[in-house]
Amino acid sequence: RLEAFAKVELETEQRADDHGHLYGSVNAAMIVSLMAGAGHEIDEKDVRLEKPIKQIGIHQVTIHLHAERQGEVTVKVLPEGGELPDPAAAEEPAAEEAAEAEELPAE
């Protein structure tokens with residue numbers, strides 16, 4: 001069962017602002033529901049989530065299996081109707097702005 005969890009990738013679309021912050025959050029109950037949809041029945045108490053997920057992106061979530069055994073599942077949180085933004089594309093405009101600022105003559 002531990003090996004099966006390592007291959008589980010859950011995906012959910014959530015409302016998010018332009019900066020990738022969720023208007024709500026992905027909590028343990030939602031992860032239980034996503035796991036059930038993937039064919040894995042777990043209890044909410046088995047989800048080891050320090051705090052609800054409040055940002056789009058790819059997150060690793062620990063699931064307690066039994067005794068000292070735990071597994072991790074991947075939770076991909078996407079903005080509604082969209083894909084994850086390309087981190088390189090997000091950095092390029094900032095780099096261009098910095099280069100333009102350096103070219104301006106000092107007053």
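I count helices (H or I, at least four residues) and strands (E, at least two) as DSSP runs, numbered from the N terminus. This is a predicted model, where local features need pLDDT of at least 70, side-chain atom pairs count only at pLDDT 80 or more, and totals for chains, interfaces and linings use all residues. Residues are numbered from 1 along each chain as its sequence is written, and side-chain values use heavy atoms, leaving out hydrogens and water.

**Entry: salt bridges**

I looked up salt bridges (a side-chain nitrogen of Lys or Arg within 4 Å of a carboxyl oxygen of Asp or Glu) and found three in the structure.

Lys76 pairs with Glu9, with closest N and O atoms 3.7 Å apart. Lys76 sits in strand 6 and Glu9 in strand 1 (residues 9–14), so this pair ties together parts 67 residues apart in sequence.

I then turned to Lys45, which bridges to Asp43 at 3.8 Å between the closest N and O atoms. Asp46 also bridges to Lys45, here at 3.5 Å. Shared partners join Asp43, Lys45 and Asp46 into one network.

**Entry: accessibility**

My classes are buried (under 20% relative accessible area), exposed (over 50%) and partly exposed (in between), with a 1.4 Å probe and protein chains only. Glu9 is exposed at 51%.

**Entry: a loop residue**

Where does Glu80 lie? I found Glu80 in the loop between strand 6 (69–79) and helix 3 (87–103). Glu80 is exposed, at 51% relative accessible area.
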